[in-house]
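This briefing covers a ligand site and the pockets of one protein. The structure comes first, followed by notes grouped by topic.

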Amino acid sequence: RPRILSGMQPTSDSLHLGNYLGALTQWVALQEHNEALYCVVDLHALTVNPDPAALRERTRRTAAQYLAGGVDPERSVLFVQSHVPEHTELAWLLSCQTGFGEASRMTQFKDKSAKQGTDGTTVGLFTYPVLMAADILLYDSALVPVGEDQRQHLELTRDLAERLNARFGEGTVVVPEAHIVKATAKIQDLSEPTAKMSKSNNGGKGVVWLLEDPKKAAKAIKAAVTDADETYGVRYDPQAKPGISNLLTIFSAVTGRDVDTIAAEYDGRGYGYLKKDLADAVVEFLVPFQERAATYLADPAQLDKVLADGAQRARAMARPVLSRVYERFGLLPAS
Ligand code: AQP
């Protein structure tokens, strides 16, 4: 069975609808027929210098949301990145194979460092994609389900994997593929539909948080920016109608109904009807999701047990891969 790996950063109290539709739903689908590993990438979150107590809390909250979204810890390996030290060990080897210029070209680094300035930007933010490559290559992962914003990092991972195989011999690492489901790969911000919905965007006004009061989510949907083009109407056209198209994408993803069918149903009726029914559909999804998350969060000891078990299984998979790569690099075995 092919190996799958993916993760999210515990950088906010709640994941958002973009994380859910772009990544988490794919994770759940893929765990059916693959050997899946899903981690909370807490080491990545250190790049934003979080408050320690908040990081601890958010790590558990993120894991609880994976479970609430349907990640099954019996079938998938659910763990916390820092519990498997092999991630950082492999990252060092990869950082010695990554060009400075190559890392400098990562658009996410360029965007985030431009906002933070030279002194506010850490070396950790710069090497973030190298650690991400280590996360993936450490498990011989074949497939990596992510949203569109991670495509460039995946390309870097593939380049590194090919470089290692060329330099140290075929089979040093597995070259992974990105798994990006086009329909939901980029959920846009509701108040700014040309920008992606993001944990760190726009004061959160156009973000649907999975753990927020569903009434607030409904309000954000009803206040969504729609399009001021002359061709008033409901149709899927991301170029001309980014706001409406984004609402249709979300509607389709949460109800499982086809985008064009939904568009036809609301065309000619005014945007208010579409927004109201979408708000209801999202609330209908959020309420049971939040109940499930609350159950997992009510028993942190049990949650920690699930994560400890996952870490043990992940380490057992990581060790032989790391030993193989160490050996190929010419590092002398300890015994
Ligand atoms: N808007 C989105 N639409 C579809 N997929 C998305 N993802 C994120 N935003 C969208 C996917 O969710 C996963 C989360 O990865 P992450 O925790 O590393 O966070 P990120 O990519 O940095 O996402 P955020 O939430 O938008 O945070 P910031 O504000 O820090 O950029 C990934 O698979 C991502 O593709």
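In this predicted model, the ligand sits in the largest pocket. That pocket holds about 1200 Å³ of space, and 47 residues line it.

**Ligand surroundings**
- The shell around the ligand has 22 residues, and Asp 149, Lys 196, Ser 198, Lys 199 and Ser 200 come nearest.
- By class, this shell consists of 7 nonpolar, 10 polar and 5 charged residues.
- Helix α1 (residues 17-30) contributes the largest share of the shell, 4 residues.

- Lys 196 has a polar side-chain atom 2.7 Å from an oxygen atom of the ligand.
- For Lys 199, the distance from a polar side-chain atom to an oxygen atom of the ligand is 2.7 Å.
- Gln 150 places a polar side-chain atom 3.2 Å from an oxygen atom of the ligand.
- Of the 650 Å² of accessible area that the ligand has on its own, the protein covers 96%.

**Lining of the largest pocket**
- Gln 108, Lys 112, Asp 149, Gln 150 and Lys 196 are the lining residues nearest the pocket centre.
- Elements that each supply at least two lining residues include β1 (3-8), α7 (123-137), β4 (143-145) and α8 (151-168).
- Helix α6 gives the most, with 6 residues.
- The lining comprises 16 nonpolar, 20 polar and 11 charged residues.

**Second largest pocket**
- The second largest pocket has a volume of about 360 Å³.
- Its lining has 17 residues, with Lys 182, Ala 183, Lys 186, Tyr 236 and Pro 238 nearest the centre.
- Helix α10 (residues 242-255) supplies the largest share of this lining, 4 residues.
- This lining divides into 7 nonpolar, 6 polar and 4 charged residues.

Key. Residues numbered from 1 in each chain as written. Predicted model: local features only at pLDDT ≥ 70, side-chain atom pairs only at ≥ 80, totals over all residues. Heavy atoms only, no water. Near = heavy atom within 4 Å. Polar contact = N/O pair within 3.5 Å; in protein donor to acceptor, adjacent residues only side chain to side chain. Areas by Shrake-Rupley, 256 points an atom, 1.4 Å probe, with all protein chains shown as cover. 1 Å grid on protein atoms, 1.4 Å probe; cavity = no way out; pocket = protein on both sides within 12 Å on 5 of 7 lines; lining within 4 Å. Sits in = over half its atoms within 2 Å of the grid points. Nonpolar A, V, L, I, M, F, W, Y, C, P; charged D, E, K, R; others polar. Points joined across faces, edges and corners; volume = space filled by probe spheres on them.
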